[in-house]
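Here is a short report on how one protein chain holds its parts together. Look at the structure first, then read on.

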Amino acid sequence: MALKKLVAGNWKMNGSHAALAELDAIAPAARANPAVEVAICPPYTLIAAAARRGDVAVGAQDCHAAPSGAHTGCISAPMLVDAGAALAIVGHSERRQDNHETDADVNAKARAAMAAGLTAIVCVGETEAQRDAGEAVAVVSAQLAGSVPGDASASALVVAYEPVWAIGTGRTPAVSDVAEMHAAIRGRLVALLGGEGAAVRILYGGSVKASNALELLSVADVDGALVGGASLKAADFVPIIEAAAQASA
């Protein structure tokens, strides 16, 4: 089943209001390639301003599991919706590592995002040591089992596979390794969610750039990309959108 590709940019802790000029430069490519859904996940401080620009969907890089309460410095999913967000990344490896988030934490955040009407982008991925030990598929399968809510619908869930060792390093797995992992993720999603699992989009992330996007996006069960550094500049991000459109043709 061919799923509409999603190309989502994760700006991480980068960007001021001046950076929204890049969003304006990305918008024409989003309009010109309607077969591809385009999203940008900027810092919280830019969500409302980015959402007002239109054409490109806007997401957050995290959300709290509670809808409100005494959680100083945190942002809830309903607050993100109020600011204009349509998606939320949860469980990115940098949060799993830096903030010690567990699969249970990620599951709770995904539930909160979906309950508020956001699409949850649930991130999974193995470390280099785990891949070298032959544990990559087992590790990712366990993360999926713990992180994906069992009642999730395909319309509210996206899974992003990001090999931890490839994020921001310029390294990418072999295409055969990406194909193997995405097939394994698809099988695990079907086991977890039944028919809904067949319709969940699976993104590849980890040093996606213009030079490798078409090859990666042409792999079976690669339904888009979660892009880090290359999403910060329209000149780098637009070719990835165009590659997704070409892979969808």
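The face of helix α8 turned away from its buried side carries two exposed residues, S176 and A191. Keep in mind that this is a predicted model.

**Helix α8**

Which residues of α8 are buried? They are V178, M181, H182, I185, R186, L189 and L193. Seen down the axis of α8, these buried residues fall within an arc of 140 degrees, so they line one face of the helix. What do they pack against? The partners are β5, α6, α7, β6, β7 and α9.

Now take the length. Helix α8 has 19 residues. From its first C-alpha to its last, α8 reaches 26 Å. That is close to the 27 Å expected at 1.5 Å a residue. Just after α8 comes G194, which takes a positive phi of about 70 degrees.

**Helix α7**

Helix α7 covers residues 136-147. At 1.5 Å a residue, its 12 residues should span 16 Å. The end C-alpha atoms of α7 are 16 Å apart, which agrees.

The buried residues of α7 are A136, V139, V140, S141, Q143, L144 and S147. They pack against α4, α5, β5, α6, β6 and α8.

Is Q143 buried or exposed? Its relative accessibility is 13%, so Q143 counts as buried. The side chain of Q143 reaches the backbone nitrogen of G125 at 2.8 Å. Leave aside the neighbours of Q143 within four places in sequence. Then Q143 is in contact with R96, D103, V124, G125 and V148.

**Salt bridges**

Side chains of opposite charge can pair when their charged atoms come close. How many salt bridges does a search of the whole structure find? It finds 15.

| Salt bridge | Closest N and O atoms |
|---|---|
| D24 and R53 | 2.8 Å |
| K109 and D62 | 2.9 Å |
| R186 and D221 | 2.9 Å |

Take the bridge between D24 and R53. This pair links distant parts of the chain, 29 residues apart. D24 sits in helix α1, and R53 sits in the loop between α2 and β3. D24 is partly exposed, with a relative accessible area of 37%. R53 is partly exposed too, at 36%.

Next comes the bridge between K109 and D62. K109 lies in helix α5, and D62 lies in the loop between β3 and α3, so the pair ties together parts that are 47 residues apart in sequence. Are these two residues buried or exposed? Both K109 and D62 are buried. They also belong to a network of salt bridges, which links D62, R95, E101 and K109.

R186 is in helix α8, while D221 is in the loop between α9 and β8. The pair links distant parts of the chain, 35 residues apart. R186 is buried, with a relative accessible area of 10%. D221 is partly exposed, with a relative accessible area of 27%.

**An aromatic pair**

The structure holds 1 aromatic pair. Which residues form it? They are Y161 and Y204. Their rings are 6.1 Å apart, centre to centre. The angle between the planes is 55 degrees, and the pair is tilted. Why does this pair tie together separate parts of the sequence? Y161 lies in strand β6 and Y204 in strand β7, so the parts it ties together are 43 residues apart in sequence. Y161 is buried, and Y204 is buried too.

Finish with K233, in the loop between β8 and α10. At 46% relative accessibility, K233 counts as partly exposed. Along the chain, K233 and A19 are 214 residues apart. How far apart are their C-alpha atoms? The separation is 8.6 Å.

Methods:
Residues numbered from 1 in each chain as written. Predicted model: local features only at pLDDT ≥ 70, side-chain atom pairs only at ≥ 80, totals over all residues. Heavy atoms only, no water. Phe/Tyr/Trp six-rings, centres within 6.5 Å; stacked < 30°, edge-to-face > 60°. Helix = DSSP H or I, 4+ residues; strand = E, 2+ residues; numbered from the N terminus. Buried < 20%, exposed > 50% of the residue type's maximum accessible area, 1.4 Å probe, protein only. Salt bridge = Lys/Arg side-chain N within 4 Å of Asp/Glu carboxyl O. Expected span 1.5 Å × (residues − 1). Contact = heavy atoms within 4.5 Å. Polar contact = N/O pair within 3.5 Å; in protein donor to acceptor, adjacent residues only side chain to side chain. Arc of directions from axis to C-beta.
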